[in-house]
Amino acid sequence: MPIQKGSASFSRFRVEHDGKAKVSKKDLPAAIGKSLAAHAFEPLDRKSEDERASGFVELADKNGTRFAAGDTFTGPFAVFAIRVDEVRIPAAAIRAELETWEQGFVKENERKPGKKEKNDAKQEIRHTLKSRYPLASKLYEVNWNLENGHAQLWAGSRKALDEVQDAVEQAFSIKLVPIAPVTVAAEMGIAEKALAPTPSLSMLEEN
Amino acid sequence: MSKQREEARFLRGETGVDGAAAEEAKDKGELERNKAREQFLRGKAWLGREMLTWLLYRSESAEPLTTVGKLPLSLLLVDRLVLRGIGGDVLESTVRGATAPYSPLVRNALDRGLLVHQARLHLEHGERSYEVTLDAEYFDIKGAKLPKPFADEDDDKLQERLETSEELAALVRALIETFLELRSSPAWAKTEVPALKQWMRDVEKPRKKRATG
């Protein structure tokens, strides 16, 4: 797990609490434990229509959803992970099955299937194929320093990062402000006007 | 259209042999430039690009850029550098090699309007060293090498690694603040940018470089 070893890739955020849902520093660990439990990971039911399941798990156990204090807090940090399980059915497999179904339909009914009939068949095929393809499981780690109010999301890709950010913001009713030159400038009170591009560096005047 | 006019357009390069190819090529170039411009403006990415370019310029001397917790912080750009621009023929260029970031080729490209979009930084803070890749738009910490933990127990190791990851993030923030303080001061336009431009053009006299590690 990248949070524990190997090269480190993460994004750093300042945690801003929603005014209404603001919790005192003392009560924050209990509130975090509660929110983790409320949004805990639930395994995907292979018989259901869903092809994706996501939720919080313990950092050290991808099946652990008890979130005992000893498993969730270390020093000033709250540590946990978001688990995303997904069945990925290749589009080519669905297309091939759908073509076979369509040929059978034409033979039986002497007409082409309508749009609704085709869509229903596609859903049915997805459902059948779901059990044939394995689950892909991914873990994205999070550490939140309760003392300095910063969180780090350990996700390599931008798409995954956006998903993890959304999940954390919703679960804890917080806003995560990324640490980048533009946000640091705002914190330092530098006026927006002073941030305009330096024309001679980017040759802006020539474009 | 008469045959003579068709021929004249072809000779002016407005059309290709099929009568449309040149126009399509022009459209593709415009699309690319528009995309490059959009990337430049999105999330004020230019600010990050100017900062990484400034870090390249300032890091060539052996001087620390700032101090964090009373310890000097110095850096070098190493290995791989991505340059991006918004006009001209070259909109993106990647260079690789241990000292490639400081090569005359890169300075030349910077002088022609490209800026550093992504860089790998080797940071030295007191006795600790880190490596990290930063990109101008998000400033995410990518592929960072952190100091090895001293602790033996797993729980202690985790806490120590989290602390060192925060230390690295704090060093990056200190660099951002140092840059922004200078950039928002009158000295930026008055002395720093002219010196930076001069450095880009001064390819014949490279300054003394430090070795990594």
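## Elements of chain A

Chain A contains 7 helices and 7 strands. This description rests on a predicted model. Read from the N terminus, the elements follow the order β-α-β-α-β-β-α-α-β-β-α-β-α-α.

## Overall dimensions

Chain A has a radius of gyration of 24 Å, whereas the globule rule gives 17 Å for 207 residues; the chain is therefore more spread out than a compact globule. Its C-alpha trace extends over about 75 × 60 × 40 Å along the principal axes.

Two further values describe the packing of the chain. Among the 207 residues of chain A, 22% count as buried. Of the contacts in chain A with a separation of 6 or more, 67% are between residues 24 or more positions apart.

## The contact between chains A and B

How many residues does each chain bring to the contact? Chain A provides 32 residues and chain B provides 37 residues. On the side of chain A that touches chain B, at least two residues each come from strand E1 (8–17), strand E5 (135–145), helix H6 (181–187) and helix H7 (199–202) of chain A. The largest share, 5 residues, is supplied by E1(A). By residue class, this side of chain A consists of 17 nonpolar, 13 polar and 2 charged residues.

## Strand pairing across the chains

E1(A), which gives the largest share of the side of chain A that touches chain B, also pairs with a strand of the other chain. Its partner is strand E6 (residues 141–145) of chain B, and the two run in the antiparallel sense over 2 bridges. Within this arrangement, A:Ala8 lies opposite B:Ala144 in E6(B).

Definitions and conventions
Residues are numbered from 1 along each chain as its sequence is written. Chains are lettered from A and ligands numbered from 1 in the order in which they are written. This is a predicted model: local features need pLDDT of at least 70, side-chain atom pairs count only at pLDDT 80 or more; totals for chains, interfaces and linings use all residues. Helices (H or I, at least four residues) and strands (E, at least two) are DSSP runs, numbered from the N terminus. The radius of gyration is taken over C-alpha atoms; the globule rule is 2.2 Å times the number of residues to the power 0.38. A residue is buried if 20 or more other C-beta atoms lie within 10 Å of its own, exposed if 12 or fewer, and partly exposed in between; C-beta atoms are placed from the backbone. Two residues are in contact if their C-beta atoms, placed from the backbone, lie within 7 Å. Ala, Val, Leu, Ile, Met, Phe, Trp, Tyr, Cys and Pro count as nonpolar, Asp, Glu, Lys and Arg as charged, and the others, Gly among them, as polar. Two strands pair if DSSP finds at least two bridges between them.
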